[in-house]
Amino acid sequence: MGIEDRKLDDRRVAFITCVNDEEWYSECRLYLEHLALPPGMTAEYIPVRGAASMCAGYNTGMRQSAAKYKVYLHQDTLVVNKHLVSDLKRIFSDASIGAVGVIGCRSLPKSGVWWDGLRTYGRVLHACEPESVVDSHCREPEGPYQEVEAVDGLFIATQYDLFWREDLFTGFHLYDTSACKEMQRRGLRVVVPNQEQEFWCIHCPKEKPLTAEYKGYQKIFVKEYGQELHPEV
């Protein structure tokens, strides 16, 4: 499960989304189509419908595009940073950076659950209820970005094609943290940008408790990556 060996086009950006709600995806797509693109760049929009899992869906979308820059985002994520692509290109000018997320943690705890980490970084506006928006604002990077161990799957941008672990994560949980660990296994860094002046995304999830299924994937994650975690105490 390594990096796919093929030539990628650095003049293209692909937005890949697993879709099971057309109304939400239509809204997500509207925001994406209004982003400002750097001169000479083109955008692709790749919805994946009927995916067996998030990893399987993302692998399907990844194979459909030769864009160097790929943004994997939830159908209920609205990208409001008009200069997103320029900002990503600036960060990805450092070849050691494999992925960019908008919120995550510096060091994963033993549980593998990023929001349980001691030092969380980033910012997302959460609109879980109509007329109610919560600014989830964690620590800000001191510079343009902060290296982290894991980011949330609502938004993950990459500049390398790395297979999502559909062999392990056959549902819709912990695929994001796994992707970050797979990047790090290959010596690539994962970062969160500074959003003090301008936040990048609004997330509109339905509030729901973690299921028993989540606990199952948590066990799979810890078995696969537990020896690579160095939690802060």
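Helix 4 is largely enclosed by the rest of the structure, because nine of its eleven residues are buried. Here, buried denotes a relative accessible area under 20%, exposed one over 50%, and partly exposed the range in between, for a 1.4 Å probe and protein chains only. Helices (H or I, at least four residues) and strands (E, at least two) are DSSP runs numbered from the N terminus. The model is predicted, with local features requiring pLDDT of at least 70 and side-chain atom pairs counting only at pLDDT 80 or more, while totals for chains, interfaces and linings use all residues. Residues are numbered from 1 along each chain as its sequence is written, and side-chain values use heavy atoms, with hydrogens and water left out.

The buried residues of helix 4 are Tyr-175, Asp-176, Thr-177, Ser-178, Ala-179, Cys-180, Lys-181, Glu-182 and Met-183. Their cover includes helix 2, strand 5 (97-101), strand 10 (150-151), strand 11, strand 12 (189-193) and helix 5. Leu-174 is located in the loop between strand 11 and helix 4. Leu-174 has a positive phi of about 60° although it is not a glycine, and it is buried, with a relative accessible area of 5%. Just after helix 4, Gly-187 also takes a positive phi, of about 75°.

A cavity is defined on a 1 Å grid over the protein atoms alone as a set of points where a 1.4 Å probe fits but cannot get out; a pocket is an open set with protein on both sides within 12 Å along at least five of seven lines, and lining residues have an atom within 4 Å of a point. Grid points are joined across faces, edges and corners, and a volume is the space filled by probe spheres set on the points. The structure holds one cavity of 30 Å³ or more, and the volume of the largest cavity is about 100 Å³. Its lining comprises 13 residues, of which Thr-158, Leu-162, Trp-164, Ala-179 and Met-183 are the closest to the centre. At least two lining residues come from each of strand 11 (155-158) and helix 4 (175-185), and helix 4 gives the most, with four. The lining of this cavity has ten nonpolar, one polar and two charged residues, where Ala, Val, Leu, Ile, Met, Phe, Trp, Tyr, Cys and Pro count as nonpolar, Asp, Glu, Lys and Arg as charged, and the others, Gly among them, as polar.

The largest pocket contains about 1400 Å³ of space. Among its 45 lining residues, His-74, His-203, Pro-205, Lys-206 and Lys-208 lie nearest the centre. Two or more lining residues come from each of strand 1, strand 2, helix 2 (54-63), strand 7 (120-129), strand 8 (132-137), helix 4 and helix 5 (212-225). Helix 4 supplies the largest share of this lining, three residues. By class, the pocket lining has 24 nonpolar, twelve polar and nine charged residues.

Strand 1 (residues 9-19) is mostly covered, with eight of its eleven residues buried. Strands are taken to pair if DSSP finds at least two bridges between them. Strand 1 runs parallel to strand 2 (residues 42-49), with eight bridges, and parallel to strand 3 (residues 67-73), with five. In these pairings, Cys-18 stands opposite Val-48 in strand 2, and Ile-16 has Tyr-72 in strand 3 as its bridge partner.

A nonpolar core is a set of buried Ala, Val, Leu, Ile, Met, Phe, Trp, Tyr and Cys residues joined through side-chain atoms within 4.5 Å. The largest such core has 63 residues, and Phe-15, Leu-88, Val-100, Phe-155 and Trp-200 have the most contacts inside it. A second, separate core of five residues includes Leu-78, Leu-125, Ile-202 and Cys-204.

With contact meaning heavy atoms within 4.5 Å, and residues up to four places away in sequence not counted, Thr-120 touches Gly-104, Cys-105, Trp-114, Cys-138 and Arg-139. The C-alpha atoms of Val-133 and Thr-158, 25 residues apart along the chain, are separated by 28 Å.
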